[in-house]
Amino acid sequence: KILIVILSLITAVSPLAFVIVVAVVTPPQYSDSFFGALDEKYDRLTSVEGEKIVVVGGSSVAFGLDSERLEEYTGMPVVNFGLYANLGTKMMLDLSLSSIGEGDIVVLAPELDDQTLSLYFNNESALMAMDDDMSMMWRLKTKDFISCLGGMWNFASDKWSRYSSGNGLQVDGIYRAEYFNAYGDFALEREENIMPFYYDTNTPVRLNKDILGKDFYDFCDYLNKYIKKCERRGATVYFSYCPINELALDDGSDKISMAEFTDELQKNINCEFISYIDDYILDAGYFFDTNFHLNDSGVAVRTIRLAKDIRLSYGIVQGIIKDEEPEPPAM
């Protein structure tokens with residue numbers, strides 16, 4: 001109550017001071033939401049010592065890895081650094097760069113659509129995701145930092161409203177931070193495909209050159225600078241594919257157009273592609289609630305295949321992967 005009174009007085013005197021105090025000083029209000037998982041992912045990224053594997057992407061990474069098992073397969077600590085496509089791939093690249101070091105492996109695995117293959121940035125989502133640790137703002141590029149400053153009044157007003165009423169962001173369903181494990185994996189048990197038609201009919205996956213507009217080539221320029229900076233730090237950067245529900249492929253994703261699509265990716269992204277896209281187009285039975293989110297069986301398949309790709313490309317020779325890929329659950 002005392003803080004509420006003080007902030008009310010500050011608001012009357014200086015709106016700018018109100019924004020700063022609310023954004024930085026008041027307790028986080030979005031911690032229970034899906035956004036609230038970002039600070040723990042960031043903490044793991046910045047705290048793991050020595051060589052590590054960092055998988056960067058969106059929610060298909062969050063819903064698509066068993067990082068503990070990937071550690072066992074590769075012998076290296078793993079950081080699951082994917083959360084939500086609405087944050088944009090660029091933000092995850094920027095947040096990760098300063099923590100990449102000698103001997104690290106960075107696996108780029110964004111969803112294959114025109115938003116995640118662009119420089120898209122959403123300041124509202126970014127501020128909510130950084131609410132638990134506003135120091136992450138300093139890792140953003142100047143343009144996005146300024147964008148966040150521009151959105152700070154709306155953010156502070158919403159946060160203040162939630163704080164003063166005693167109600168943080170209310171979250172229904174499973175999209176909550178509590179369901180992430182210490183590696184950054186979304187770890188809530190999910191056994192089957194729960195989509196009515198076994199794929200999301202509203203978001204078909206188009207694997208053809210039509211989605212590769214100017215934004216894609218600007219994104220590639222930015223991504224290649226990130227890759228070069230990682231390599232200068234002594235890291236190895238790979239590109240792998242996100243999991244894709246085969247039922248979601250639209251009519252334009254035939255073998256010819258898909259080959260043109262992957263060729264265009266490889267021509268414009270300057271790192272080794274360690275995976276074949278066909279290996280990541282999976283039976284619909286492996287998916288959960290979107291065309292990119294895997295259920296438990298799908299996670300096991302994707303983890304084994306990615307581990308084999310990394311081991312083969314990086315030259316990891318200790319041990320062998322004896323685990324068999326599970327069959328997709330019946331639909």
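Leaving aside neighbours within four places in sequence, M130 is in contact with L38, M91, M136, M137, L140 and C148, where contact means heavy atoms within 4.5 Å. M130 is also one of the residues that touch the most other members of the largest nonpolar core. Please keep in mind that this is a predicted model, in which local features need pLDDT of at least 70, side-chain atom pairs count only at pLDDT 80 or more, and totals for chains, interfaces and linings use all residues. Residues are numbered from 1 along each chain as its sequence is written, and side-chain values use heavy atoms, with hydrogens and water left out.

**The nonpolar cores**

- The largest nonpolar core has 100 residues, and L108, L112, M130 and Y226 touch the most other members.
- A nonpolar core here is a set of buried Ala, Val, Leu, Ile, Met, Phe, Trp, Tyr and Cys residues joined through side-chain atoms within 4.5 Å.
- Buried means under 20% relative accessible area, exposed means over 50%, and partly exposed lies in between (1.4 Å probe, protein chains only).
- Helix α10 (residues 214-232) gives the most to this core, with eight residues.
- A second, separate core has seven residues, including M195, L282, F287 and V301.

**The sheet**

- Five strands form an open sheet in the order β2-β1-β3-β4-β6, with parallel pairing.
- The edges are held by β2 (78-82) and β6 (272-273); each has a single partner strand, so one side of each is left without a neighbour in the sheet.
- Two strands pair if DSSP finds at least two bridges between them, while helices (H or I, at least four residues) and strands (E, at least two) are DSSP runs numbered from the N terminus.
- Strands of a sheet pair through backbone hydrogen bonds, either parallel or antiparallel.
- On one side of β3, four bridges join it to β1 in the parallel sense, and I53 stands opposite I105 in β3.
- Strand β3 (residues 105-108) also pairs with strand β4 (residues 236-239), again parallel and over four bridges.

**Helix packing**

- Helix α3 (residues 38-47) lies across β1 (53-57) and β2, running at about 140 degrees to β2.
- Axes are lines fitted to C-alpha atoms, for helices over the stretch in contact, and angles run from 0 to 180 degrees between N-to-C directions.
- α3 also packs with helix α6 (residues 89-97) at an angle of about 35 degrees, with their axes 10 Å apart.
- α3 passes α6 in a right-handed crossing; a crossing is right-handed if the near helix is turned clockwise from the far one by less than a right angle, and left-handed if anticlockwise.
- L38, Y42 and L45 of α3 meet M91, M92, L95 and S96 of α6 in this contact.
- Nine of the nine residues of α6 are buried, so this helix is largely enclosed by the rest of the structure; among them are K90 and D94.
- The axes of helix α5 (residues 67-74) and α12 come within 10 Å and cross at roughly 30 degrees, and this crossing is right-handed too.
- R69, L70, Y73 and T74 of α5 make the contact with T303, I304, L306, A307, I310 and R311 of α12.

- N295 is found in the loop between β7 (281-282) and α12 (296-314), and is buried with a relative accessible area of 0%.
- The N295 side chain reaches the backbone oxygen of F287 at 3.0 Å.
- Not counting residues up to four places away in sequence, N295 touches R190, E191, E192, N193, G285, Y286, F287, F288 and P329.
- S297 lies in helix α12 and is buried, with a relative accessible area of 17%.
- With the same exclusion of residues up to four places away, S297 touches Y286, P326, E327 and P329.

**A loop residue**

- S135 lies in the loop between α7 (123-129) and α8 (142-150) and is partly exposed, with a relative accessible area of 38%.
- The C-alpha atoms of S135 and R232 are separated by 25 Å, and the two residues are 97 residues apart along the chain.

Conventions: Polar contact = N/O pair within 3.5 Å; in protein donor to acceptor, adjacent residues only side chain to side chain.
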